[in-house]
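The following exercises concern the geometry of one structure.

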Amino acid sequence: MRLSSSFPLEFAKRFLLLASGLALVGTAFFLFQSGRYEALRRAEAEALVSVESQIFHETLENTASDVRFLASVFEDRADNLRVPPDSSSALSRLLSAFMLTRPQYHQIRFLDSEGMEKLRMIRGPKGPQLMPASELQDKSHRTYYKRTAAQDAETVYVSAFDLNVEHGVIERPFRPTLRVATQVRLPDGSVGVAIINLDGSKLIEMLRNARHGEDIQALIINDQGNWLVGPHRRMEWGNSLPERQGYTLAARQPDLWMLIGSQPQGVVLNSSGMYAFSRVTTDGENRSGFRVEGDEYWTMLAFVPRHALSPDWAGSFLLLGGVTLLFLALVSALLTRALLHRRQVEQSLQETEEKIQAISHSSHDALIMVDERGRIAFWNPAAESMLGYRSGEVLNAPAAGFLNFTPCAGNNSGPALKAGPFSDFSCVDPISFKRKDGTEFPAEVALSSFRLHGSWWTVNAVRDITKRVSAIHELEKSRDLLMEAQSISRMGGFSLSTSTESGVETVGWTDEMRQLHGVDRDFVPSVDAMADFVEHSHRTAFLNAVGEARKGNPVELEMRLKTAKGRRLWIRLNIRAHFKADKVTRLSGIYQDVTDRKLERIRMEQLSTAVEHSPASVLIMTADGVVEYVNPRFTEVCGYKPAEIIGNSAEMLQSDTLDANFYESLRRSPEGATHWSGEISSRTKDGRTIWQQLSISPIKDEEGHVRHFVGVMEDVTERRRSLEALQASERKIRAMSEATLDAMVVIDETGRISFWNPAASTIFGYSEDEALGREIHALIAAPTERVAATEAMEDFGMTGHGPVVGVTRELMAKRKGGALFPCEITVSSFALDTQWYAVGTIRDITRRKEYERRLRALATTDELTGLLNRRALLELAESELDRARRYRRPFTLLMIDLDRFKRVNDTYGHDVGDKVLKNVASTGAQALRETDTLGRLGGEEFAAILPETSADQALEVAERLRAAIGRAEVEEPAAPGGRLRVTISIGIADFRPDRDTVEAILKAADTALYRAKDNGRNRTETA
């Protein structure tokens, strides 16, 4: 086996094994982290879309409920709408108070049956402002009026989301507007329209503020693909602005538009990035029981650009992988070369041993080995055949009994019958040996002695030359040719002679010549035949060389030969002319196979070219450390030209940070040293210190002495700096984990804690020493969570998945003292060395939960009195009425209004009025039954829900309530006697077949209330 021929294959095996392992791990890590990062971005986008949709939908729901409320107000105060009211009217004050509590509404309007505005209140710079009659407009041509007027009274209409138009012109600056409208049934039978203009800019601002990060955009399109909130503001509102109609999603990205339009929600990934989307529609039944219809639907989108879907470190990771592969290639090459060299030596020894065995057994010569006592120790098959004795007969027997011979005539020598320190000897004169059967034969004998394990051994080589003697005369004819060929080089030889009589040339070939050409003895050689074996490109040179030789000139030529068996050989041709009487009578020549030498020279040239163009620096120096060669890359990295460094000591490259004895230690290394590899610092010509990966190997002579060192150096300065930067980054990440307010905990696949940051100690009360190695669920899980969490760990240990992995959950946790508290936990998993780990981020949300509880209370409770507010009270009334309707049980509502409350405010001030309202609320709540509910509708208006109560029973409750409030007193120094009393009027309405909605019952109770007012106040009236 040749080192050069097997090197690529062996190198490929080792390099591919290392590189494939590295590539597999690197690819798996990269794909896992990229997939995890993309999934995280997807979750963020879907969460943003969900929040957008919820905000948009709740805004529409609330606005629809408010417009229904306004419709009921307009129906109750229809007399005030026959002519436009002024700003001092009760209706104007009511609407003004309503708009003050609804900052998202820009306009409130009432249109009569002809589409003419009878009332329009807008939000001005100083608050709600009632527009004068001169500013009221005819809106009968507008779509929202036509659609609302054509539908039934139980339906709320929602317009298209577009830019507001006043007097036929789009309002500047742009005001995105949604118009929510419903019918108003007036007592005279006509139908008006109540309209709320929702200020879309506030809604859009809320949606934009809902996004989670800078890389995620919150977007909105309508059902025609027009951008309402677009990637750029110049692309928005194409449904209102003709010049922007070409910016629709359908026109710019038709494939994306088809996907979004074909399904209500989902996630789409294309070349520009990721789009998460969800459709918001208006059609359907509102939670309050009425229908909502609209002209269009809207799609909420969250866009994540393509560059934000990959981790920031992806490019650096790929670069590091490439550098690592180059380093692995260098290491693999060095290891492969060393391994193949050792294998070649071992194989050479094995082949030598096998050859000796094969020669001894296949040899036609008898090989007989004797020891110092004259006993036969080896007798090969040729000896058995030649002398007639089997090896079993002669082994360990005296040699003299079997080797019967007549000594050599010249010196009375023959085979050795006993081993000794004989000089190697051969006798060319025949020796006559006698066989077992008594016959004799001529033979040649050669002796060779050697010492092994302190004893002498002698080998007799006996060759039967019977055939040689009979063929001696034939050999004499070709002796001249054989001797000439052997005298030149013992290689393939030929002769070319010319008969002076016939003028015919004859060509003779040696056996080696026939073997070189791949022909047998039947082949008849000639000059033309020889030329046919020479490759075409060298044939002319061959014929010219023969011509020069015929002139008597010596010829030497290197040419390519193609044998009869298709092999291609490099041949060195030498021809010598033989003269007789100054005439050339014969040519003799040799063919020397120089294929291996030629290929070796080519390989050396290739190796030299590879070294010259190597991306690594190459340095060759003597055993004394004197530089003899550097390649161009060395000059490029270190700055020294070959003339500046060759002949000088390598120590001139030594930097201040390198051990001063480094190169000296290499020179003094033991002769058995083979290789050294590591990172060193070197000084360049311009004084810079660089770091290099040095692999240095000795070159030894045949005696094993180190003659040269070959060093291969790779500049790793940048890689070293990158590694230092990476280590600094790791220290920063560690510091961040210690500085965060959220607990960060890492557990292994058995649930035991392996990392516990300071925030975890603060939140749970356990120090790091107390927590590490503990089972996490036994330590901090609430009792209600512990069983499920422990069962989930079994799946996690095998797959890295679990019910809490990859999601954010809220649950209860336990502190060191046993106290439970709410927390928000986010868990992700990763695999390291075939073992799964989980990283948990835990946030104490006790304060947030308290805020949420307070917000829920504010949403359902009147801030002044602590009673249910209007919305909560009406929702409860709907629920109780539904139950009464389902089970056919009685249900009654009380409408309560304070008598002359305005006089209290005007006389004593609003602070006293607030005390009165609080007193009425607390007194009323105590006077009612436990099953009854009192709430404040607004101002001085209250209502009470009386489930399971008939009208007659409700009258008793109402009278008891009226009496209790009439007796209640509020301390007020300015009042007569220092105490202030108020009275109330109450209207009662119960559930009947013709009065089966909360709205209808409330309206009837309100009518009864005003009848009580008209009949003198401080009364109770039943509808």
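**Exercise 1. Classify the burial of Pro822 and describe its surroundings.**

Step 1. Pro822 has a relative accessible area of 18% and is therefore buried; buried means under 20% relative accessible area, exposed over 50% and partly exposed in between, with a 1.4 Å probe and protein chains only.
Step 2. The residue belongs to strand S36 (residues 820-832). Helices (H or I, at least four residues) and strands (E, at least two) are DSSP runs, numbered from the N terminus.
Step 3. Leaving aside residues up to four places away in sequence, Pro822 touches Leu811, Met812, Arg843, Asp844, Ile845, Thr846 and Lys849, where contact means heavy atoms within 4.5 Å.
Step 4. Glu346 is 476 residues from Pro822 in sequence, and their C-alpha atoms are 73 Å apart in space.

The model is predicted: local features need pLDDT of at least 70, side-chain atom pairs count only at pLDDT 80 or more, and totals for chains, interfaces and linings use all residues. Residues are numbered from 1 along each chain as its sequence is written, and side-chain values use heavy atoms, with hydrogens and water left out.

**Exercise 2. Determine whether Leu599 is buried, partly exposed or exposed.**

Step 1. Locate the residue: Leu599 lies in helix H16 (residues 595-612).
Step 2. Its relative accessibility is 34%, so Leu599 counts as partly exposed.
Step 3. Trp570 is 29 residues away along the chain, and the C-alpha atoms of Leu599 and Trp570 are separated by 8.9 Å.

**Exercise 3. Characterise the aromatic pairs that involve Phe161.**

Step 1. A pair of aromatic rings is described by the distance of the centres and the angle of the planes. Rings of Phe, Tyr and Trp (its six-membered ring) pair if their centres lie within 6.5 Å; planes under 30 degrees apart count as stacked, over 60 as edge-to-face and the rest as tilted.
Step 2. The structure holds 16 aromatic pairs. One of them joins Phe56 and Phe161, at 6.1 Å centre to centre with 65 degrees between the planes, an edge-to-face arrangement.
Step 3. Phe56 is in helix H1 (residues 3-76) and Phe161 in the loop between strand S4 (155-158) and strand S5 (162-163), so this pair ties together parts that are 105 residues apart in sequence.
Step 4. Phe56 counts as buried at 0% relative accessibility, and Phe161 is likewise buried, with a relative accessible area of 0%.
Step 5. For Phe161 and Trp237 the ring centres are 5.5 Å apart and the planes are at 75 degrees, so this pair is edge-to-face.
Step 6. Trp237 occupies the loop between strand S11 (227-229) and helix H5 (249-252), so its pair with Phe161 ties together parts that are 76 residues apart in sequence. Both Phe161 and Trp237 are buried.
Step 7. Ring pairs link Phe56, Phe161, Trp237 and Trp298 into a cluster.

**Exercise 4. Which ring lies under the charged end of Arg279, and which under Arg815?**

Step 1. The criterion is that NZ of Lys or CZ of Arg is within 6 Å of the ring centre and within 35 degrees of the ring normal.
Step 2. The charged end of Arg279 sits over the ring of Tyr297, at 4.6 Å from its centre.
Step 3. Arg815 lies over the face of Phe821, 3.8 Å from the ring centre.
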